[in-house]
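Hello,

Here is the structure I promised to pass on to you. Please have a look at it first, and then read my notes on what turned up.

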Amino acid sequence: MLLADGRWGEALAVLDEVPRRHRPVVNPVWAPWGSLAARALGGLGRTEEALARAADEVAAARVWGSPTGLGAALRSLGVALDVAGSPEALPALEEASAVTEGSPARLEHAASLLAFGGLLRRSRQPTPARPLPERAAGLARACGA
């Protein structure tokens with residue numbers, strides 16, 4: 001809720017406290033602290049720290065091997081890279097969409113498609129971007145979101 005309200009500092013404080021109170025969890029699906037902290041750090045303008053947290057979560061997600069966790073971590077990294085103005089944002093969001101394609105992580109796939117399509121559009125690639133938001137909306141509706 002703190003992230004949704006844009007209360008970045010409070011959200012980061014809560015997120016940083018969770019791993020201290022609980023033993024370390026390697027599964028980024030169950031414990032996506034890195035992605036959530038990256039979002040808070042990005043909101044605070046702490047881009048380099050956001051990139052580091054997101055990259056750490058991508059590494060953990062690759063080890064864990066779940067399309068849901070990897071897709072979400074890659075989307076988080078792609079968004080952080082986009083904020084940083086990095087050209088590596090497109091490949092990260094493209095991989096997030098590909099990893100979740102056909103997986104049970106349908107809502108994550110929708111979020112990845114939406115992020116990827118938005119970045120393609122902002123990168124002046126309207127033709128490949130055009131169908132992605134519509135596909136994302138259809139998936140989200142099908143998931144009840």
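Helices α3 and α4 are roughly antiparallel to each other, a word used for angles over 145 degrees. Their axes come within 8 Å and cross at roughly 160 degrees, with α3 covering residues 47-64 and α4 residues 67-83. The axes are lines fitted to C-alpha atoms over the stretch in contact, and angles run from 0 to 180 degrees between N-to-C directions. Helices here are DSSP runs (H or I, at least four residues), numbered from the N terminus.

A word on the source: this is a predicted model, where local features need pLDDT of at least 70 and side-chain atom pairs count only at pLDDT 80 or more, while totals for chains, interfaces and linings use all residues. Residues are numbered from 1 along each chain as its sequence is written, and side-chain values use heavy atoms, with hydrogens and water left out.

Back to the pair: the crossing of α3 and α4 is left-handed, meaning that the near helix is turned anticlockwise from the far one by less than a right angle. On the α3 side the contact (heavy atoms within 4.5 Å) is made by T47, L51, A54, A55, E57, V58, A61 and R62, and on the α4 side by G69, L70, A73, L74, S76, L77, A80, L81 and V83. By class, that contact of α3 with α4 holds twelve nonpolar, three polar and two charged residues. Nonpolar covers Ala, Val, Leu, Ile, Met, Phe, Trp, Tyr, Cys and Pro; charged covers Asp, Glu, Lys and Arg; the others, Gly among them, are polar.

Which residues touch the most other members of the largest nonpolar core? They are V58, L77 and L81, in a core of 33 residues. Such a core is a set of buried Ala, Val, Leu, Ile, Met, Phe, Trp, Tyr and Cys residues joined through side-chain atoms within 4.5 Å, where buried means under 20% relative accessible area and exposed over 50%, with partly exposed in between (1.4 Å probe, protein chains only). Two or more residues each come from α1 (8-21), α2 (33-43), α3, α4, α5 (89-100), α6 (106-122) and α8 (131-142). Leaving aside neighbours within four places in sequence, L77 is in contact with L51, A54, A55 and V58.

Two other helix pairs deserve a look. The axes of α1 and α2 come within 9 Å and cross at roughly 155 degrees, which makes this pair roughly antiparallel. The crossing of α1 and α2 is left-handed. In α2, the buried residues are G34, S35, A37, A38, A40 and L41, and their cover includes α1, α3 and α4. Just after α2, G45 takes a positive phi of about 80 degrees.

For α6 and α8, the axes come within 8 Å and cross at roughly 160 degrees, so α6 is roughly antiparallel to α8. The handedness with which α6 passes α8 is left-handed. Twelve nonpolar, two polar and two charged residues make up the contact of α6 with α8.

Finally, two arginines. R124 lies in the loop between α6 and α7 (126-129) and has a positive phi near 60 degrees, in a residue other than glycine; R124 is exposed, with a relative accessible area of 76%. R21 belongs to helix α1 and counts as exposed at 64% relative accessibility.

Best wishes

Methods. Angles under 35 degrees count as roughly parallel, over 145 as roughly antiparallel, 65 to 115 as roughly perpendicular and the rest as oblique.
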